[in-house]
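Here is a short briefing to read alongside the sequence and the 3D view. Please keep both open as you go through the points.

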Amino acid sequence: NASLVVLRRIKSGMKNPASFELDSFLIFPGGATCYEYRGTNSFNAVVPGKAVFDPEKNRVLTRENDHNKFVSAWNAICTASGGSEHAGGLKLLSAY
């Protein structure tokens, strides 16, 4: 599943991957996926994060690393209607 591959990629790119907690994710028809998560930074403070997977461009953008490109993708994909939230598996997915 592409959503799990992307989730692992997001988690592995964090400063402290062990602190990763997935808060929510939306999957849209066609496979676009929006993630909201949190983890700790270098100072051990909990910080929120967001990411979007755009399957048409085969890329993952995060708010922390991709700034303007992320904002454009988030607004185009994640604010559209038609996504389905998959909150039931959050604890399980956070383990990935």
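A contact means heavy atoms within 4.5 Å. Of the contacts in the chain with a separation of 6 or more, 43% join residues 24 or more positions apart. This is a predicted model, where local features need pLDDT of at least 70, side-chain atom pairs count only at pLDDT 80 or more, and totals for chains, interfaces and linings use all residues. Residues are numbered from 1 along each chain as its sequence is written, and side-chain values use heavy atoms, with hydrogens and water left out.

**Fold**
- The chain has three helices and five strands, taken as DSSP runs numbered from the N terminus (helices: H or I, at least four residues; strands: E, at least two).
- Along the sequence, these elements follow the pattern α-β-β-β-β-α-β-α.

**Surface and burial**
- The chain has 96 residues, and 38% of them count as buried (under 20% relative accessible area, 1.4 Å probe, protein chains only).
- Its accessible surface is about 5,700 Å², with 52% belonging to carbon and sulfur atoms (Shrake-Rupley method, 1.4 Å probe).

**Nonpolar cores**
- A nonpolar core is a set of buried Ala, Val, Leu, Ile, Met, Phe, Trp, Tyr and Cys residues joined through side-chain atoms within 4.5 Å.
- The largest one has twelve residues, including Val-6, Ile-10, Phe-25, Tyr-37 and Phe-53.
- Helix 1 (2–12), strand 1 (21–27), strand 2 (33–40) and strand 3 (46–54) each supply at least two residues of this core, and helix 1 gives the largest share, three residues.
- Another core lies apart from the largest one and has ten residues, among them Ala-32, Cys-34, Leu-61 and Ala-73.

Methods
Buried means under 20% relative accessible area, exposed over 50%, partly exposed in between (1.4 Å probe, protein chains only).
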